[in-house]
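Here are a few notes to go with the model, jotted down as I went through it. Have it open while you read.

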Number of protein chains: 2
Amino acid sequence: MSKQNLDQESAFAIEYLSKVSKEAEKIFEEHLPPVADVPNRLHESMRYSMFAGGKRLRPALVKATFEMFGGKGDKIKYAMSALEMLHTFSLIHDDLPCIDNDDFRRGKPTNHKQFGEATAVMAGDALCIRAFELMAKTGSARALEVLANKLGTYGMIGGEMIDIECEGKSVSLDTVDYIHYHKTAALIEASLCIGAILADAPEDKVKAIERYGKAIGLAFQVVDDILDIVSTTEQLGKDAGSDIERGKATYPSILGLEESRKRALALYEESIKELDALSEDTKVLRSIAAFIITRVN
Amino acid sequence: MSKQNLDQESAFAIEYLSKVSKEAEKIFEEHLPPVADVPNRLHESMRYSMFAGGKRLRPALVKATFEMFGGKGDKIKYAMSALEMLHTFSLIHDDLPCIDNDDFRRGKPTNHKQFGEATAVMAGDALCIRAFELMAKTGSARALEVLANKLGTYGMIGGEMIDIECEGKSVSLDTVDYIHYHKTAALIEASLCIGAILADAPEDKVKAIERYGKAIGLAFQVVDDILDIVSTTEQLGKDAGSDIERGKATYPSILGLEESRKRALALYEESIKELDALSEDTKVLRSIAAFIITRVN
């Protein structure tokens with residue numbers, strides 16, 4: 001596909017994401033406990049991180065997949081909130097001093113900088129628990145089991161753990177793939193599988209959409225790593241090698257910038273091949289794949 | 001009820017708990033990820049805390065209630081593991097340096113002392129997620145929703161948060177009740193409700209058993225506080241006022257030792273009244289209530 005076509009598709013996705021973001025934030029408002037309730041400060045801190053911005057990619061993916069497979073009704077709203085809460089839970093705990101020790105996220109102080117470490121640990125825990133409570137309201141024990149599996153030690157948490165253990169070590173491409181297939185792709189796969197399961201899609205289509213998710217999930221991280229370098233050198237004027245100095249292996253540090261771009265494009269094509277095999281209208285998911293590899297932030 | 005009768009009942013509970021502990025530990029062995037799997041060290045740390053001892057009270061309560069209401073089959077095993085994993089998750093996070101900063105639990109180094117803080121945060125998260133995955137295998141979205149509700153900010157996490165916020169402050173009896181009804185009793189209530197729900201008990205009986213759980217849950221904490229003082233002064237020779245010095249409000253510090261003992265006995269009687277109103281064979285739950293108020297460790 002030409003650069004121009006990719007940009008057109010991406011523009012469609014940006015519009016879709018913007019529309020879903022607004023809808024999703026109204027839903028979060030309803031599903032998060034009010035600050036007026038005890039424990040007030042904990043509720044405030046959960047809301048602080050949930051409303052700190054972000055693309056709302058996971059709520060968009062679960063909703064788009066649900067509708068693509070003909071799903072109807074309000075239960076998808078529970079899944080939209082649950083996926084964003086789980087994403088936020090993982091960010092809050094990852095930012096903690098004992099893990100990545102990050103002071104800022106999206107230009108705002110991280111949860112523990114704003115509320116203290118004890119509250120940040122509890123806010124992460126509470127968002128995780130609330131996410132499962134909301135998922136239970138969909139009535140689908142199967143969707144819930146798939147979600148927990150993608151999140152746990154064979155999924156997202158597993159990727160985070162290996163990432164922590166590898167800090168400052170020289171790692172292979174296989175290890176970086178392991179980390180990001182788990183840390184990043186697993187929750188994106190979960191979003192797609194849950195949308196399909198809640199719409200009662202047949203098993204082979206759930207599997208196809210899961211493979212699409214695995215490909216765009218990894219592509220997302222490859223592009224993230226590229227953007228880090230590009231914005232560092234071309235925009236911020238910081239040294240391109242700073243990631244390496246911080247002991248963090250990235251795709252460009254292992255493959256180089258050009259090979260990383262090729263890898264992202266290959267993953268995009270892998271994801272589109274999965275969509276091509278489906279009889280459903282895949283326009284939204286197709287555009288989101290294009291957005292992921294062309295995005296500039 | 002006479003002291004002698006209470007002791008007889010308690011002996012029955014001790015035997016029951018010992019039997020269920022052995023069974024439960026075999027089940028945990030099956031439900032915890034093996035150390036041979038990646039991320040190995042995280043799996044090791046989850047197992048370390050799960051096999052660090054304890055009364056296995058929550059697995060015993062969920063099993064006893066399930067069987068009391070005529071529940072059959074293996075699904076109760078998932079709930080037994082889930083409840084102990086959630087209890088362990090809460091202990092690991094509570095022990096962290098930014099919360100209670102405890103170095104030892106049950107005579108062994110706490111999880112973060114043994115594996116480091118980052119792994120301890122992740123081990124807690126992973127046990128929480130695994131617990132929900134196992135609960136999903138029961139097929140009961142309702143049991144899962146009740147569990148999440150009892151765990152979240154209106155339950156256990158809420159109690160922990162207020163406990164954290166009150167450290168070093170002078171607090172009222174109402175606040176201490178709030179903390180322990182949430183921090184301790186809520187997960188005990190959850191164990192009982194889930195046992196009843198999985199056995200398809202009618203709603204009014206689920207409510208009765210929940211009230212029993214609320215009473216024995218608080219009694220458990222009152223006795224814990226009493227034992228702290230008693231073992232401090234009579235056994236360990238430490239100053240009885242050390243809890244107050246550490247800025248921790250306890251029942252004896254607010255009510256005095258004698259009134260605290262009366263409170264525990266009143267809660268016991270409250271719990272038995274709930275059992276008396278049921279037509280089922282409540283022998284096991286009755287004995288566990290007696291155990292809770294007569295136990296010496």
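**Notes on chain A**

1. Let's start with helix 14 of chain A, where A:Val284, A:Leu285, A:Ser287, A:Ile288, A:Ala289, A:Ala290, A:Phe291, A:Ile292 and A:Ile293 are buried. Bear in mind that this is a predicted model.

2. That makes helix 14 of chain A mostly covered, with 9 of its 12 residues buried. The helix runs over residues 283–294 and reaches 17 Å from first C-alpha to last, close to the 16 Å expected at 1.5 Å a residue.

3. Next, a helix pair. Helix 3 (residues 57–68) and helix 9 (residues 173–198) of chain A pack with their axes 7 Å apart, at an angle of about 30°. Angles under 35 degrees count as roughly parallel, so that is how helix 3 and helix 9 of chain A lie to each other. Their crossing is right-handed.

4. Who makes that contact? Helix 3 of chain A brings residues including A:Leu61, A:Val62 and A:Phe66, while helix 9 of chain A brings, among others, A:Leu187, A:Ile188 and A:Leu192. The contact residues of the two helices divide into 10 nonpolar, 3 polar and 2 charged.

5. Now the partner chain: 37 residues of chain A are in contact with 37 residues of chain B. On the chain A side, the elements giving two or more residues are helix 2 (40–50), helix 6 (117–136), helix 7 (141–151) and helix 8 (156–166). Helix 6 of chain A has the largest share, 12 residues.

6. As for make-up, the side of chain A that touches chain B has 23 nonpolar, 7 polar and 7 charged residues.

Key. Residues numbered from 1 in each chain as written. Chains lettered and ligands numbered in written order. Predicted model: local features only at pLDDT ≥ 70, side-chain atom pairs only at ≥ 80, totals over all residues. Axes fitted to C-alpha atoms, helices over the stretch in contact; angles between N-to-C directions. Helix = DSSP H or I, 4+ residues; strand = E, 2+ residues; numbered from the N terminus. Parallel < 35°, antiparallel > 145°, perpendicular 65-115°, else oblique. Left-handed = near helix turned anticlockwise from the far one by under 90°. Contact = placed C-beta atoms within 7 Å. Nonpolar A, V, L, I, M, F, W, Y, C, P; charged D, E, K, R; others polar. Expected span 1.5 Å × (residues − 1). Buried ≥ 20, exposed ≤ 12 C-beta atoms within 10 Å, placed from the backbone.
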